[in-house]
Amino acid sequence: MKDTIGFVGLGNMGRPMAERLIGAGHSPVVYDRSQAAMAELATAGAPTAATLEELAERVETIFLSLPTPEVVLAVGRAIAAAPGRAKRVVDLSTTGPKSEMELADILNGAGVALVDSPVSGGVAGARKGLLALMAAGPSAHFTVVEPLLAAFGKVIRIAEEPGKAQVMKLINNICSAASLAITSEAMVMGAKAGLDADVMVEVLNAGSGRTSASVDKIPRFVLPGSFDFGFAISLSLKDIRLCLDEAERLGVPMMVGNAVRMLFAVTKADFGPDADMTAVIRPLERWAGVEVRGRAAREA
Ligand code: NAD
């Protein structure tokens, strides 16, 4: 597959995933609207394309890791306008099912297939090749890209139709966001009652309160006070919004999901769109007049 792969979007997730392809012996041609992001990958040995059109001229399989549905659709339209050698697009972004189906129509109209393959596991998972990948797309194209996806982590086949994997991804992310929200609230309550933050995490993880928030996000990014898990609050709020939109379309009430959305919206309004998602504890801390920090923060 040497030189037949392209990679668009070299941000928090895209960069380590493109690096894993390089580590697996591939030579992905990379493109990002940010010159700085491209320069980093060029240093790691990746050939670069100056435009999307040039990229599509050079490769058959194009991976996307882009921030929002709007950006994914704009990039999809540009590829469809000049497909060049492109045979298939593999979308690793979180766009929601509606946009993903629209993307499939746009690409299919230009003879390009779409494999919908959102990912879960964060920047650390992307670096280590330990992501969960949910893949939906035509079997003939899925078979071609499955060995490439395996460089990113565990590939789970969801369906033939693009869009279905996005539904699964939204389900995963609302669970992850809700866990972070409720664990943050509960830890603030414990801190106000005088409990030690490290001890609270130890108990949660030994007991039935264990979640990805108590195992990973809170001990590694909240207790030390670093707030650098690597997922922007604006993008995590986008995922919650996409999930609630889809639930509404399906006629499924999501009361807890709506409460989670409010906390994420308040955090974005307070700390800005680029704040890390783990900052959702910060408005709660301010309201309660306590901080949830652990040994790591005290010893820093
Ligand atoms: P990011 O904002 O860090 O990276 C996005 C990259 O896309 C940036 O380098 C940006 O310059 C580039 N870009 C934006 N518009 C572009 C355009 N028109 N053409 C080319 N490049 C463009 O975002 P991220 O955190 O890496 O997330 C990427 C996707 O993966 C999102 O859909 C997100 O929801 C999803 N995701 C993120 C995480 C996480 O933990 N960060 C985990 C799972 C899934």
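Which residues form a nonpolar patch on the surface? In this predicted model, local features require pLDDT of at least 70 and side-chain atom pairs pLDDT 80 or more, whereas totals for chains, interfaces and linings use all residues. Residues are numbered from 1 along each chain, and side-chain values use heavy atoms, without hydrogens and water.

The patch consists of I156, I158, M168 and I171, which together expose about 290 Å² of accessible area (Shrake-Rupley method, 1.4 Å probe; patch residues have over 30% relative accessible area and no salt bridge, with nonpolar side chains joined within 5 Å). Strand β8 (153-159) and helix α8 (164-192) each contribute at least two of its residues (DSSP runs, H or I of at least four residues for helices and E of at least two for strands).

The axes of helices α12 (residues 255-271) and α13 (residues 281-288) come within 8 Å and cross at roughly 85 degrees (lines fitted to C-alpha atoms over the stretch in contact, with angles from 0 to 180 degrees between N-to-C directions). L263, V266, T267, D270 and F271 of α12 meet R282, P283, L284, R286 and W287 of α13 (heavy atoms within 4.5 Å).

The whole structure holds 16 salt bridges (a Lys or Arg side-chain nitrogen within 4 Å of an Asp or Glu carboxyl oxygen).

Note on methods:
Patches are made of residues with over 30% relative accessible area and no salt bridge: like charges are joined within 9 Å, nonpolar side chains (Val, Leu, Ile, Met, Phe, Trp, Tyr) within 5 Å.
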